[in-house]
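The following exercises are to be worked with the sequence and the structure at hand.

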Amino acid sequence: MKTDRRTFLRDSAVATGGLSLAFHLPACSGGKPADRWGGPKDLVPNANLRITDDNRVIFTLGRVEMGQGTLTSQVMIAAEQLDLDPSLVEVELAPNHQDFADPAFNVQVTGGSASTKGAFEPLSKVGAMARDALLSAAAAALAVNPAELSFEGKAVVHAPSGRKKSFGEIANAARDFLDDGATPKAKKDWKIMGKSHTRLDAQSKVDGSAKYGADYAPPGVETAVIIRGPLGSTPVKVDAEAAKKVRGVKEVLTTPHGVAVVADKYHQARKAAGQVKVEWTPSDFSTDAMYERFAKALDTRDMEGNARSDGDAPEYLLGREGVLEAEYRLPYLAHATMEPQNATVKWSEDGAEVWAPTQGQLQCAIAVEDATGLSRDKVKVHVVFAGPLHPDRAFSRFGEPSRLTNVVALSTAPEATSEE
């Protein structure tokens with residue numbers, strides 16, 4: 001199915017909205033994680049952890065690092081079982097795949113404050129499996145009692161003799177000792193968890209090497225800036241004559257959720273977007289109406305959707321003397337991103353690649369599938385850090401009209417190559 005820029009923007013504008021937890025699950029891939037994520041001599045207890053024959057310990061983060069510290073906490077959980085300093089672990093960000101599904105939701109998503117809580121037991125087990133396998137392989141290689149072995153950095157050491165084997169030297173042999181019945185350490189034996197540790201993503205975010213969504217621009221990329229109207233409104237009339245005269249502008253498109261200005265460069269699209277005049281349908285949203293809905297919900301005794309329903313407070317309080325009543329209202333706090341929402345998509349009839357600071361890799365793949373007609377298994381989502389943009393790409397450099405909220409970078413050029 002061929003998809004042009006106009007159709008893609010029209011159909012995918014909704015994909016940059018808020019996180020939703022409604023998914024159609026993809027079929028699980030067959031085979032073992034080691035077959036998908038590791039080399040022929042790597043120790044791969046699951047998709048999150050692999051130890052290579054060149055002595056690298058690599059952790060693949062299935063969640064998204066948004067500044068909440070998930071990258072560091074999850075590495076600490078696995079590293080605890082190996083007595084391994086987390087700073088010795090290399091971290092990769094997982095692509096979209098069911099192997100990285102959150103156990104709480106059974107889909108690959110970052111939300112519900114569930115990332116660390118949900119990963120604690122599975123990652124502890126994975127680390128324990130790697131620990132026992134490495135100890136058994138080292139004991140066999142050194143012909144010693146496993147009880148006499150301990151970890152020292154990325155090596156297993158035989159204390160009585162001082163002999164040691166690096167993880168890389170025994171990774172291949174350790175594959176034969178993997179046992180999913182391995183028992184994680186008791187809390188009293190923890191050396192890493194429960195202690196403060198420098199964030200593993202801090203250095204890259206300080207020196208500027210960390211990559212965010214807008215840092216990816218394959219050759220041939222074009223940029224679309226989306227003009228948004230009042231909440232719940234849609235465009236009625238669009239005057240884009242002035243915008244179309246801006247150098248680099250390709251076209252101005254009306255989407256179900258706004259108006260997209262497509263240009264060769266971001267700053268061109270941004271400048272032109274400020275010259276588009278849009279009339280919007282009336283918005284049915286108001287702060288007063290929102291508070292009325294809240295009050296109605298609190299007054300009803302319908303408990304559907306509540307996380308818990310203990311006792312019957314309204315019945316208990318009814319007719320009681322000395323009951324004090326007070327109403328507190330707080331301003332609306334948006335569950336908004338720190339960086340302008342953005343995504344970069346490169347597609348052809350053979351497949352699509354996406355670079356996006358999204359909380360839902362699966363949801364992102366579904367959006368591309370819906371917009372392009374590509375089967376989901378042909379859509380690869382590259383996860384990136386989510387957070388503020390680098391200064392030279394920040395919207396504030398060009399002014400910040402509140403109605404300009406989205407940037408979507410698109411590439412249809414066959415010769416375009418991805419930037420890893």
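**Exercise 1.** Which kind of contact do the side chains of aspartate 201 and arginine 199 form? Classify both residues by their accessibility.

*Solution.* The model is a predicted one.
Step 1. Aspartate 201 and arginine 199 are joined by a salt bridge, with 2.9 Å from N to O. This lies inside the cut-off, which asks for a side-chain nitrogen of Lys or Arg within 4 Å of a carboxyl oxygen of Asp or Glu.
Step 2. Aspartate 201 has 1% relative accessibility and therefore counts as buried, because buried means under 20%.
Step 3. Arginine 199 has 32% relative accessibility and so counts as partly exposed.
Step 4. Through shared partners, salt bridges unite Glu65, Arg199, Asp201 and Lys205 in one network.

**Exercise 2.** Determine which parts of the chain are tied together by the salt bridge between arginine 36 and aspartate 99.

*Solution.* 
Step 1. The side chains of arginine 36 and aspartate 99 meet at 2.8 Å, N to O.
Step 2. Arginine 36 belongs to helix α2 (residues 33-37), whereas aspartate 99 lies in the loop between β4 and α4; the pair therefore ties together parts that are 63 residues apart in sequence.
Step 3. Arginine 36, at 25% relative accessibility, is partly exposed, and aspartate 99, at 26%, is partly exposed.

**Exercise 3.** Describe the open sheet of four strands and state which strands stand at its edges.

*Solution.* 
Step 1. The strand order is β1-β2-β3-β4, and the pairing is mixed.
Step 2. The edges are β1 (43-46) and β4 (90-93); each has a single partner strand, so one side of each lacks a neighbour in the sheet.
Step 3. On average, neighbouring strands of this sheet are turned by 20° against each other, direction ignored.
Step 4. β3 (residues 57-61) pairs with β4 in the parallel sense over four bridges. In β4, leucine 93 stands opposite leucine 61.
Step 5. Helix α4 (residues 115-142) packs on the sheet and touches β1, β2 (49-51) and β3. The direction of α4 makes about 150° with that of β1.

**Exercise 4.** Where in the chain are the two partners of the salt bridge between glutamate 92 and arginine 50?

*Solution.* 
Step 1. The closest N and O atoms of glutamate 92 and arginine 50 are 3.3 Å apart.
Step 2. Glutamate 92 is in strand β4 and arginine 50 in strand β2, 42 residues apart.
Step 3. Glutamate 92 is partly exposed at 30% relative accessible area, whereas arginine 50, at 15% relative accessibility, counts as buried.

How values were computed: Residues numbered from 1 in each chain as written. Predicted model: local features only at pLDDT ≥ 70, side-chain atom pairs only at ≥ 80, totals over all residues. Heavy atoms only, no water. Pairing = 2+ DSSP bridges. Helix = DSSP H or I, 4+ residues; strand = E, 2+ residues; numbered from the N terminus. Axes fitted to C-alpha atoms, helices over the stretch in contact; angles between N-to-C directions. Contact = heavy atoms within 4.5 Å. Buried < 20%, exposed > 50% of the residue type's maximum accessible area, 1.4 Å probe, protein only.
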